[in-house]
Amino acid sequence: MIRYALRVASLAAALGLWQLLTSRDVDLWLRFSQFPTVTDVARTFADRLAGPDYWTDLTDSLTRILTGFLLAAVLGVATGVLVARSRLAEDLLGPVLEVIRPIPAIALVPVAILLFPSNEQGIVFITCTAAFFPVLVSTRHAVRALTPVWEEAVRTMGGGRWRVLASVVLPGALPGVFGGLSVGIGVSWICVISAEMISGQYGVGYRTWQDYTVVDYPGVFVGMVTIGVLGWLTSTAVELLGRRLTHWLPRASYVPGAARPRSARSGTAAPAARTAAPAVRKGTEPEEARDEHLVRD
C-alpha cells in the first residue's frame with residue numbers, strides 16, 4: 001500500500017506542478033505560458049468522452065495496433081526460431097533481414113502507400129514491421145542461448161525434432177520472447193500514431209494532428225494522454241501474460257528491511273543462517289539431475 005501511495009503521490013505532484021507553472025504563465029527559458037492548464041485539458045477530455053468521435057478514434061487505433069502486433073508476434077517468433085535453428089535459413093534470410101532492420105518503420109510510409117490499395121492496410125503493415133524486428137532478434141538470441149544438454153536429453157529419450165521444439169526450444173525461449181514483445185508493443189504505438197498522423201483517417205494520432213493544425217492545444221494533450229494510457233495498458237497486458245506463461249521461472253522476492261546475516265566477528269551471531277545451511281545442502285541436486293527433471297516435466 002505504501003508503494004501504491006507513493007506512485008499516486010508522484011503522479012499528483014507532477015500534475016500539481018504542471019497546473020502551477022501553466023496557471024502562473026511561468027517563462028523561465030521554457031515557455032509554460034503556451035501550455036494549456038490541467039483543468040483545460042480535463043475539461044476538453046470530458047467533452048471528448050461525451051462525443052462519438054473519441055471512441056471511434058480509440059477503436060480504430062486499437063484495431064490497427066492489435067492486428068499489426070499479433071502478426072508481428074507470430075511472424076517474429078517463427079522467423080527467429082527458424083533462423084536460430086537452421087543454418088540454411090540463416091544464410092538465406094539473415095542478410096536480407098539485417099539490411100532491412102535498421103530502416104525505421106515510419107520511413108516505410110511511402111512504400112506502404114505505393115504497395116497497399118488502402119491506407120488501413122498500410123498502417124497495419126507499418127505497425128507489424130515496427131514490432132517484427134524486436135521480436136525476431138530477442139527470439140533468435142533466446143533460442144541460441146538455450147542449454148544444449150536439455151535437447152540432448154530429449155533426443156536420448158527418443159524425442160524427435162518437433163518434440164525438441166515443443167518441449168525445449170519454445171518453453172526455454174519464452175522469457176526472451178516476451179522481452180521482445182514488451183519492446184515491440186511500445187515501438188508499435190510510436191509507429192502507428194506517426195502513420196495515422198501522415199496518412200490515416202480517424203485514429204488517435206490522426207485526431208491529435210488535426211487538433212494541432214487548428215491550434216486546439218488542449219485537444220492535443222488529450223490525444224497525448226490517451227496514447228500514454230493505451231500504451232501503458234497494452235504493455236502491462238503483455239507483461240502479465242508473460243508472467244502467467246513463465247510461472248515456472250524462479251521469482252526474486254523483495255522483503256523490505258531484510259538484511260544479510262552478519263558473522264559472529266562483527267558482534268552479531270547469525271543462528272538462522274547457520275541452521276538454514278544444512279537444509280540448503282540437503283535440497284541441492286547435481287546439475288544433470290535438475291536438467292533431466294526439467295525435461296521430463
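The structure on display is a predicted model, in which local features need pLDDT of at least 70, side-chain atom pairs count only at pLDDT 80 or more, and totals for chains, interfaces and linings use all residues. Residues are numbered from 1 along each chain as its sequence is written, and side-chain values use heavy atoms, with hydrogens and water left out.

**The whole chain**

Begin with the protein chain in cartoon view. The protein chain holds twelve helices and two strands. Helices (H or I, at least four residues) and strands (E, at least two) are DSSP runs, numbered from the N terminus. Along the sequence, the pattern of the protein chain reads α-β-β-α-α-α-α-α-α-α-α-α-α-α.

Next, colour the chain by accessibility. Of its 297 residues, 32% count as buried. Buried means under 20% relative accessible area, exposed over 50%, and partly exposed in between, with a 1.4 Å probe and protein chains only. Among contacts in the protein chain with a separation of 6 or more, 69% are accounted for by residues 24 or more positions apart.

Return to Gly223, which lies in helix H10. Gly223 counts as buried, at 8% relative accessibility. Gly223 and Trp209 are 14 residues apart along the chain, and their C-alpha atoms are separated by 8.9 Å.

Select Val222 and Asp40 next. These two are 182 residues apart in sequence and 9.9 Å apart in space, C-alpha to C-alpha. Asp40 has its place in helix H2 (residues 38-50) and counts as partly exposed, at 26% relative accessibility.

**Two packed helices**

The crossing of H3 and H6 is right-handed. A crossing is right-handed if the near helix is turned clockwise from the far one by less than a right angle, and left-handed if anticlockwise. By class, 18 nonpolar, seven polar and five charged residues make up the contact of H3 with H6. Ala, Val, Leu, Ile, Met, Phe, Trp, Tyr, Cys and Pro count as nonpolar, Asp, Glu, Lys and Arg as charged, and the others, Gly among them, as polar.

**Aromatic rings**

Display the side chains of Phe, Tyr and Trp. How many aromatic pairs does a search of the whole structure find? The search finds eight. Rings of Phe, Tyr and Trp (its six-membered ring) pair if their centres lie within 6.5 Å; planes under 30 degrees apart count as stacked, over 60 as edge-to-face and the rest as tilted.

Select Phe32 and Phe35. Their ring centres are 6.2 Å apart and their planes stand at 70 degrees, so the pair is edge-to-face. Phe32 is partly exposed, at 24% relative accessibility, and Phe35 is partly exposed, at 39%.

Then select Trp209 and Tyr212. Here the ring centres are 5.4 Å apart and the planes stand at 35 degrees, so the pair is tilted. Both residues lie in helix H9 (residues 204-213), three residues apart, about one turn of the helix. Trp209 counts as partly exposed, at 39% relative accessibility, and Tyr212 counts as partly exposed, at 45%.

**Two loop residues**

Select Asp25, in the loop between helix H1 (2-23) and strand E1 (27-28). Asp25 has a phi near 55 degrees, a positive value in a residue other than glycine. Its relative accessible area is 46%, so Asp25 is partly exposed.

Move on to Val215, in the loop between H9 and helix H10 (217-245). Phi of Val215 is also positive, near 60 degrees. Is Val215 buried or exposed? Val215 is exposed, with a relative accessible area of 54%.

**Cysteines**

Finish with Cys128 and Cys191. Cys128 is buried, with a relative accessible area of 12%, and Cys191 is buried, at 8%. A disulfide is a pair of cysteine sulfur atoms within 2.5 Å, and by this rule the count comes to zero.

Notes
Contact means heavy atoms within 4.5 Å.
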